Amino acid sequence: MGSGMTDATPQASTLSGRLTALANPTRFLALADRLVPWLGAVALVILAVGLYTAFAAPEDYQQGATVRIMYIHVPFAWLAMFCYSLMAIAALGTLVWKHPLADVALKAAAPIGAAFTALALLTGSIWGKPMWGTWWVWDARLTSVFVLFLMYLGIIALTRAMDDPGRSARAAAILTLVGFINIPIIKFSVDWWNTLHQPASVFRLDGPTIHPSLLWPLLICALGFTLLFLTLHLMAMRAEIWRRRVIAMRRLSARAAERAAR
Amino acid sequence: MTHAAYVFAAYGISALVIAALGIWILIDQAARKRELKELEQRGVRRRSQPKGSGKKGPGK
């Protein structure tokens, strides 16, 4: 454990004190070290339960067995938007509060979000072929999610374009915030436009329209994948903090060697 | 293709992508950890790290 954990400050008991304490990367690392194994284990257990109940649930009267794709497709699509929303909050953290971990959170989340967005597109496409008769249509929902995938790729490129993470942080934060306009467009695309993609059936003002026998496994899977995402994100953030420490230490040692040579 | 084949394909691709993502993050973690250890063994310290604090490695 780092020495940062031992000096308990008096304000650490209040919420703002705790958030400030978390801004210290050493404290964050200590917290991540403790959380990751538990979070990962709980995620895998819930996912196992969710997938078991998903395959024990009855088939859909119209979709047949292909309804099983929904149990992964819907959580992936939800995570694609959740991850981007989390990155938008992190972008605010960089621009408004200059939180030292905000850029780490944004950069670490981007590849994970891109992977889940790609999976949402792929699993949707594999469901579309037998059910719609086509792998792909350029309707508003599919197109806006594809745009989200491209946004992720752009942010990944931008956060890795410069050697100095401090310089790319601002640009990545601004790009992320501008791209956030796409999130409500994705959510409401099925209401605003005539899409082949079906409208919302879980998060609706008048309640879910899925039968409980299919809804429960879906919700358990969504929780499991969300916990898995959070575990992966914490791990990626930890690796990013270590990467920045390595860069900082190499710079320091290079400077020290330069001074010694003079 | 039968419906079961589509379901199998969707789950198979998902398992592959998530496994690859997890392995990539694990490899990244291990590589950074090793670099930090090497730097510490050479006696390089971070500015915020007090002189006498000795080893403060990543993780355990």
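Which residues gather in a patch of positive charge on the surface?

1. Basis. This is a predicted model, in which local features need pLDDT of at least 70 and side-chain atom pairs count only at pLDDT 80 or more, while totals for chains, interfaces and linings use all residues. Residues are numbered from 1 along each chain as its sequence is written, chains are lettered from A in the order in which they are written, and side-chain values use heavy atoms, without hydrogens and water.

2. Positive patch. The patch is formed by Arg167(A), Arg251(A), Arg255(A) and Arg259(A). Patch members have over 30% relative accessible area and no salt bridge, with like charges joined within 9 Å; a salt bridge places a side-chain nitrogen of Lys or Arg within 4 Å of a carboxyl oxygen of Asp or Glu. Helix α8 (residues 212–261) of chain A contributes the most, with three residues.

3. Arg255(A). This residue lies in helix α8 of chain A and is partly exposed, at 39% relative accessibility. Buried denotes under 20% relative accessible area, exposed over 50%, and partly exposed the range in between (1.4 Å probe, protein chains only).

4. Helix α7. In α7 (residues 182–192) of chain A, the buried residues are Asn182(A), Ile183(A), Ile186(A), Ser189(A) and Val190(A). Seen down the axis of α7(A), these fall within an arc of 140°, so they line one face of the helix. The face turned away from this buried side carries the exposed Asp191(A) and Trp192(A). Helices are DSSP runs of H or I with at least four residues, numbered from the N terminus.

5. Lys98(A). The loop between α3 (70–95) and α4 (102–132) of chain A contains Lys98(A). Its phi is near 50°, a positive value in a residue other than glycine. Lys98(A) is exposed, with a relative accessible area of 63%.

Methods. Helices (H or I, at least four residues) and strands (E, at least two) are DSSP runs, numbered from the N terminus. Patches are made of residues with over 30% relative accessible area and no salt bridge: like charges are joined within 9 Å, nonpolar side chains (Val, Leu, Ile, Met, Phe, Trp, Tyr) within 5 Å. Accessible areas come from the Shrake-Rupley method with a 1.4 Å probe; for residues, only the protein chains shown count as cover. Lys and Arg count as positive and Asp and Glu as negative; His and the chain ends are not counted. The place of a charge is taken as NZ of Lys, CZ of Arg, CG of Asp or CD of Glu. The arc is that of the directions from the helix axis to the C-beta atoms.
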